[in-house]
Amino acid sequence: MSGIAQPTTLLHICCGPCALEPVQRLREQGHQVAGLFFNPNIHGVQEYFLRRDAALRAADELDFPLVCLDTEYAPRRFFQVIHGQEDRRCPACYRLRLERTFAYAREHGLQNVSTTLLYSIYQDRDTLLALGRELEEQTGIPFPDHDFRPGWQAGIDLSKRLGLYRQSYCGCLYSEVDRQLRKLNRLTSPSLPPNLTRPGAAGAVVPGAG
Ligand code: SF4
């Protein structure tokens, strides 16, 4: 593997801002860190590159090696694995990404696996840990139960100081649709300011539209 000399932990990285705290905490605990950017769940190629480039910036700032599996960015694969379970899709999304991370760790002889998803206060920690234990048993590669969430605000603050791209939805098409629907609901709520009218009504003002 080019650029990575026997790191202790292969850290699956979902985006730059979420990498900052985990990398620092792992190092404090005596781990070397190498990152793996593998996220076929991300909706939109442009969005993929924004997040990938922010992850590379984070790697540069904190000086750790990062491999981006760009040739494996295949949204079709994501839609295949969540097919039929779109309303409870996150466990399949975690599995897709962590299975590849464990496989990569095994291919390259890395000693531990973790993920920046354990930093996010919005992800399902119990599901992630159960999946990690399952993959640990299958591969023999440890997945320690790190909890990076206490550094949530510190990570946000640092990402802002560094000027990293910060996304506004989790990643997949459905999370983007949910975000837009929440925005729409706010616009159509009874507390709508008097100078705005409902979308679709004559003369409606819809911020951001178009
Ligand atoms: S909401 Fe996030 S974790 Fe869940 S399926 Fe979408 S991208 Fe994956």
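**Helix 5 and its surroundings in a predicted model**

Gly 140, whose phi is positive, near 80°, follows helix 5. The structure is a predicted model, in which local features need pLDDT of at least 70 and side-chain atom pairs count only at pLDDT 80 or more, while totals for chains, interfaces and linings use all residues. Residues are numbered from 1 along each chain as its sequence is written.

The protein chain has seven helices and four strands; helices (H or I, at least four residues) and strands (E, at least two) are DSSP runs, numbered from the N terminus. Helix 5 comprises 15 residues, 125-139, and spans 21 Å from its first C-alpha to its last, close to the expected 21 Å (1.5 Å times one less than its number of residues).

The buried residues of helix 5 are Leu 128, Leu 131, Gly 132 and Leu 135. These residues lie on the same side of helix 5, because they cover an arc of only 105° around the axis, taken from the directions from the helix axis to the C-beta atoms. The face turned away from the buried side of helix 5 carries the exposed residues Asp 126 and Glu 137. A residue is buried if 20 or more other C-beta atoms lie within 10 Å of its own, exposed if 12 or fewer, and partly exposed in between, with C-beta atoms placed from the backbone. Helix 4 (90-107) and strand 4 (112-115) are included in what covers the buried residues of helix 5.

The mean pLDDT of the protein chain is 90, and 87% of its residues reach 70 or more; pLDDT is the predictor's confidence in each residue, from 0 to 100.

Note on methods:
Contact = placed C-beta atoms within 7 Å.
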